[in-house]
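Good morning, and thank you for the time.

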Amino acid sequence: MPELRYFEAVNQALQEELARDERVFILGEDVGLAGGTFRVTDGLMAEFGSRRVRDTPIAEAAIVGIAIGAAMSGMRPIAELMTMNFGIVAMDQIVNHASKMHYMFGGQVTLPLVIRAPGGGWTQKAAQHSHCIESWFVNTPGIRVVIPSTPYDVKGLLKTCIRSEDPILFIEHEMLYSTRGEVPEEEYLLPLGVAEVKRPGRDVTIVAWSKMLHEALKAAELLANEGIEAEVVDPRTLDPLDMDTILGSVLRTRRAVIAEEGWRNVGMGAELAARLQEHLFYDLEAPVQRVAAADVPTPYARNLERLALPNAQRIVEAVLKITL
Amino acid sequence: MPVPLADQLQLYRNMALIRRFEEGVAEAYAEGFIGGFTHLYIGQEAVATGAISAINHDDYVIGTYRDHAHALVREISPRALMAELYGRVTGVCKGKGGSMHFCDPERYFMGGYAIVGGNLPLAVGLALSIQMRNEDRVVMAFLGDGASNQGVFHESLNMAKLWELPVIFVVENNFYGIATDVRISSAFNEIHRKAQGYGMPGHVVNGMDVIAVREECEEVVKYVRHGSGPVLIEARCYRYQGHSMTDPGRYRSQAEADLWRKRDPIPRLAKQLVQQGLDASRLDAIQREVNEAVQDAMRFAESSPEPPDEALYEDVYVESYGA
């Protein structure tokens, strides 16, 4: 199987779907001539033209709003936000409009819309360019949240999302774009709402997604050296959420650690911990642990940023706390 | 081209229907049948009526939270609209939307939106669809004077003109953004001239004169349909009631309100019709017909069932993924 980098897998998914369905088009900042800030849309304007790979002004609310208007009239737009941070500028269009319209109009309007945006810290981008805010959108009914961690997952999930009838926030991670993984040459689609056990183990379950999935896998390696077998579960999509796989894993291991790059307060980890105790209170051997970002705006200084963000070592510490 | 008599009668009928519908809404609101925020269009009837009469039935209309009139002019049945206001399952959005969120894509009424200016990028997106598919359609987007101070107004005008999209922005300038006078909220309150900042034609029209609105819009629609790019029209008008049902409107003087009521668009057109030789009894018959339609709508709404409990979780998503 050929190896692709994550950004190349996204590019392939976009290319294939643009070629398959002429209603699909891309709009966003620097997506056309420049080929995307992270090279994700490289070559697509040359192949599909400037009408279907459309450069826009820096106007995130309008980018998302225009995509909504196009989606409600039969097109299948993919709006790219250069980074998740700028999605905050488009919050009104995402939360007040895209997430609400199907419901508040009694099902008469459908929005086959994908909003792609990369997030994440780790390279000293400071407070306004390091957001991992997926939990904000999981808290909002009416929009799906998909957050793949590998080239294989990102391609198969993105193709499914582009064919979906619902608005979807598709969150990539800036630090994952250059990572490599096997991607089949033949076409494949991955279903939403299906988690994957990325590493089996019997002693503790680590739930992690996006870049933290890779930190969790590193942690599992370190723990294996200590004789602790960690099972690593990647939900891949946070809405819909495959609770069955997560509960099944924790029911076997009886211990759980949730690792996320977003803030700890009222984060996705808090939601998962609540659900685990609702379903498995009497089966748990130890309190559910959360590993997350420090509740501070992300600092610039390298040492402070490393203190603020969670990593494999923190995951190991959390696991040791409940397994020793 | 002068507006034919039959069309003038239709304009009269639609304005009379809007006025009577809104009076019925006010009564039902006072009796507790309607909840939430409800914004009446009384006084502004000539704008929606004249503007929408200038487009085809398959051109898109997209509105704001003050959307009852636009839906009525799009010929959505008063029964379905009143039932929506009563929160009944027979409502145009199954009782899920209410006053501010009427919608009927089959009649190309693409919804009412309650975030000021929020519908404008959607209008541009509808127009982008039209352009990408080479359709013979235009978009008519309604907004208020207040929306012209929002960021997305400027983003939307810029991108509509940048891509030469077929949109007509109709500003219903009733001079108040809720309670705040346009003169103390907009640095430049000749709203139609804001279009010039984007190289877009901007026109102003007397929004209390339905014939003037119709004639202006016919010209503009021709220009936009021809592919010449977007246009903004400012229609100056006045809402007689408060911003919403809970607003007593203390920020406006009686003298100002009296002045505008003298310009009322409905008697104005009635007078013109009689001058053209129309028998006044025809207008009385129209009034009786719309009175009956509104009464029928209220009876229908009151006797309709509320949405069933199962509806709570319906239509959140199209696809369920078993999760």
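Let me begin with Glu215(A), which forms a salt bridge with Lys218(A), the closest N and O atoms being 3.1 Å apart. By salt bridge I mean a side-chain nitrogen of Lys or Arg within 4 Å of a carboxyl oxygen of Asp or Glu. Both residues belong to helix α9 (residues 211-225) of chain A and are three residues apart, so about one helical turn separates them. Helices (H or I, at least four residues) and strands (E, at least two) are DSSP runs, numbered from the N terminus. Glu215(A) counts as buried, at 5% relative accessibility, whereas Lys218(A), at 46%, counts as partly exposed. Here buried means under 20% relative accessible area, exposed over 50%, and partly exposed in between (1.4 Å probe, protein chains only).

A word on the basis of these values. This is a predicted model, in which local features need pLDDT of at least 70 and side-chain atom pairs count only at pLDDT 80 or more, while totals for chains, interfaces and linings use all residues. Residues are numbered from 1 along each chain as its sequence is written, chains are lettered from A and ligands numbered from 1 in the order in which they are written, and side-chain values use heavy atoms, with hydrogens and water left out.

I return to the salt bridges. Over all chains, a search of the whole structure finds 48 of them. In one, Glu174(A) meets Lys125(A) at 2.6 Å, N to O. Glu174(A) lies in the loop between β7 (168-173) and β8 (180-182) of chain A and Lys125(A) in the loop between β5 and α7 of chain A, so this pair ties together parts that are 49 residues apart in sequence. Glu174(A) is buried, at 15% relative accessibility.

Another salt bridge joins Asp234(A) and Lys198(A), at 3.9 Å from N to O. This pair also links distant parts of the chain, with Asp234(A) in strand β11 (residues 230-234) and Lys198(A) in strand β9 (residues 196-199) of chain A, 36 residues apart. Is Asp234(A) buried or exposed? At 0% relative accessibility, Asp234(A) counts as buried, while Lys198(A) is partly exposed at 23%.

Next, the backbone. Most residues other than glycine have a negative phi, and most peptide bonds are trans. Against that background, Trp122(A) has a positive phi of about 90 degrees, and Ala126(A) has a positive phi near 70 degrees. Trp122(A) lies in the loop between β5 (114-119) and α7 (134-138) of chain A, and Ala126(A) is placed in the loop between β5 and α7 as well. Trp122(A) is partly exposed at 23% relative accessibility, and Ala126(A) is partly exposed at 22%. Elsewhere, a cis peptide bond with omega of about 5 degrees joins Asp239(A) and Pro240(A); Pro240(A) is in the loop between β12 (237-239) and α10 (243-253) of chain A.

I turn to the domains. An automatic or database domain assignment gives chain A domain 1 (3-182) and domain 2 (196-323). Contact, meaning heavy atoms within 4.5 Å, involves 28 residues of domain 1 and 30 residues of domain 2. About 2,400 Å² is buried between the two domains, with carbon and sulfur atoms giving 58%; buried area is the accessible area (1.4 Å probe) that two parts lose on being put together, summed over both. Which three residues supply more than any other three of the area that domain 1 of chain A buries against domain 2? They are Trp122(A), Gln124(A) and Ile147(A), with 31%. Three salt bridges are counted between these domains.

Finally, the two chains. Their contact takes 47 residues from chain A and 46 residues from chain B. The area buried between them is about 3,800 Å², of which carbon and sulfur atoms give 64%. Ile66(A), Tyr103(A) and Gln108(A) supply 17% of the area that chain A buries against chain B, more than any other three residues. Across this interface the rule finds zero salt bridges.
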